[in-house]
Amino acid sequence: MSALIVSAQQLYVARDTPVLTLPELVFRAGECWAILGANGAGKSTLLRHLSGIDPDQAAANVCAQWHGEALPSWNSRRWAQQRSVLPQHHHLMAALSVAAIVRMAAYPWGGAHPRLADCLDAIIAEWDIAALMTRRWPTLSGGEQQRVMLARSALQLRLAESDQPRLWLLDEPLAALDWPHQQRVFHACQDAAQQGATVLASVHDMNAPSAFASHALVMGQGRVLWAGPVHHDGYVAALEVAFALTLTRLSHPEHTHGWLVPLRP
Ligand SMILES: Nc1ncnc2c1ncn2[C@@H]1O[C@H](COP(=O)(O)OP(=O)(O)OP(=O)(O)O)[C@@H](O)[C@H]1O
């Protein structure tokens, strides 16, 4: 099946600490999933395990199938040529140039790719980083650093072959971004899904999913509370449980599905 299928299982951190209990989850090609939940609910844990970049390798034991193949057995280069990751934290201290960081997107292809120059030009324009390309990483603002990492991640996905399955995992892509650049993230996620990728992005803004996602996964206290189409009523009910609040939907001049507003308890 053309999908990422995650088996029902527990996910662990720090070798033997279970933090997340999952039901079977199916993320299909062309779907764009928003992942929501309170702080500590397990969003990053899920994304880190799926990405295979968990710093604690002993914990990276997710049981999942990617287009019919078991994920842990994947050769890492082939995997890197099909999935791109935006981590929540950018642990980068070196004074690398922005140009060098963005070009890291081509590492899974040995640093060279026949479409690199063309794709790089497009990505620089899309993520509004032309003026940053010669700057050094530590001199960038928080939002500029986020745009650079989004550009690197988007470029890696763009270099992947369109006839191959592709997965884009983004942990809090909206963090530190102003409103116009948040719109860019929405557009990029939708575009990637329309091109056939599977997209999973964690967000804290409960109205964001209706702007970019086809589906939502709502998590609470290490469990999946709800998974389904974002415009289903179950989404709002799950948010109310996840955040222990009451939501009301206001009409919005542009969004047909309205605007969710929390009411005071
Ligand atoms: N190495 C670790 N040792 C112990 N507990 C951990 C470890 N890593 C994560 N946890 C715990 O696992 C839980 C899930 O963490 P996770 O980072 O997945 O949450 P999250 O939903 O992404 O939260 P946030 O919205 O705050 O980013 C948290 O309670 C966290 O403290």
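Start by selecting the shell around the ligand: its residues divide into four nonpolar, seven polar and one charged (Ala, Val, Leu, Ile, Met, Phe, Trp, Tyr, Cys and Pro count as nonpolar, Asp, Glu, Lys and Arg as charged, and the others, Gly among them, as polar). You are looking at a predicted model, in which local features need pLDDT of at least 70, side-chain atom pairs count only at pLDDT 80 or more, and totals for chains, interfaces and linings use all residues.

The shell consists of V13, A14, T17, V19, G37, N39, G40, A41, G42, K43, S44 and T45, each with its C-beta atom, placed from the backbone, within 6 Å of the ligand. The largest share, three residues, comes from α1. Helices (H or I, at least four residues) and strands (E, at least two) are DSSP runs, numbered from the N terminus.

Next, select helix α5 (residues 142-159) and helix α6 (residues 179-194), whose axes are 12 Å apart at an angle of about 10°. The two helices are therefore roughly parallel to each other (an angle under 35 degrees). Show side chains here: G143, R147, L150, A154 and L157 in α5 meet H181, V185, A188 and A192 in α6, with C-beta atoms, placed from the backbone, within 7 Å counting as contact. This contact has six nonpolar, two polar and one charged residues.

Finally, zoom out to the chain, with its eight helices and 14 strands. Its C-alpha trace spans about 50 × 45 × 35 Å along the principal axes. Colouring by pLDDT (the predictor's confidence in each residue, from 0 to 100) goes with a chain average of 91, and 95% of the residues score at least 70.

Terms used: Residues are numbered from 1 along each chain as its sequence is written. Axes are lines fitted to C-alpha atoms, for helices over the stretch in contact, and angles run from 0 to 180 degrees between N-to-C directions. Angles under 35 degrees count as roughly parallel, over 145 as roughly antiparallel, 65 to 115 as roughly perpendicular and the rest as oblique. Two residues are in contact if their C-beta atoms, placed from the backbone, lie within 7 Å.
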